[in-house]
Amino acid sequence: MRVRRLLILFCGLMTCLAVSSGVWAKPLPMPQGPVLLTVSGDITRTNGDGVARFDRAMLEALPSRTITTHTPWHEASGRFEGPLAKALLDAVGARGDQLRVVALNGFEAEVPVSDVSRYQVILAMKRNGEIMPIRRFGPLFVLYPFDAHPELFTEAVRFRSVWQVSRIQVH
């Protein structure tokens, strides 16, 4: 009887370790449409070759937020909508404290994960209800709530506000 209890305890412990380490984590679904974003690096949930690929529908299914704000690049305030960057990081099981955000043209910026949580940064996909095309900051734009936090109007944050985002590497 004692051996059986020890065996049950051992199996339970191993199950907890496997689940917490992501060994048995449910994989992400495969994108059905064109891939807008690829996430790589220190992540535990993927949908192919160590990366997580997201199409528009997958990104729209993540918890999202609408931010009405001015930006340094637009004359008028705009209403931006998109998934919370934190929700994306949770979806891929991100474990790093920095994000290397890469644009379609190769521009890169480092974004601290602490910013993502503190400011509820979004990956804007729409501006004023319209999908943002590549010519107008799309398909994804790292957007901080500038009006709600005037301290964000700095060169460092402007540099982090990458548009035409195509890849994010967690490290």
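Predicted model: local features only at pLDDT ≥ 70, side-chain atom pairs only at ≥ 80, totals over all residues.

Biologist: Fine. How many cavities of 30 Å³ or more does the structure hold?

Modeller: One. About 70 Å³ of space lies inside this largest cavity.

Biologist: Which helix and which strand each supply at least two residues of its lining?

Modeller: Helix H3 (85-92) and strand S5 (98-103). H3 gives the largest share, three residues.

Biologist: What classes of residue line the largest cavity?

Modeller: The lining has 11 nonpolar residues, with no polar and no charged ones. Among them are Ala85, Leu88, Leu99, Val142 and Ile168.

Biologist: Switching topic. Where is Ser161?

Modeller: Ser161 sits in the loop that runs between helix H5 (155-160) and strand S11 (165-170).

Biologist: Is Ser161 buried or exposed?

Modeller: Buried, because its relative accessibility is 2% and the cut-off for buried is under 20%.

Biologist: And what does a polar atom of its side chain lie 2.9 Å from?

Modeller: The backbone oxygen of Val157.

Biologist: Which residues does Ser161 touch, leaving out those up to four places away in sequence?

Modeller: Trp73, Phe141, Val142, Tyr144 and Phe146. One of these contacts of Ser161, Val142, is also in the lining of the largest cavity.

Definitions and conventions: Residues numbered from 1 in each chain as written. Heavy atoms only, no water. Helix = DSSP H or I, 4+ residues; strand = E, 2+ residues; numbered from the N terminus. Buried < 20%, exposed > 50% of the residue type's maximum accessible area, 1.4 Å probe, protein only. Polar contact = N/O pair within 3.5 Å; in protein donor to acceptor, adjacent residues only side chain to side chain. Contact = heavy atoms within 4.5 Å. 1 Å grid on protein atoms, 1.4 Å probe; cavity = no way out; pocket = protein on both sides within 12 Å on 5 of 7 lines; lining within 4 Å. Points joined across faces, edges and corners; volume = space filled by probe spheres on them. Nonpolar A, V, L, I, M, F, W, Y, C, P; charged D, E, K, R; others polar.
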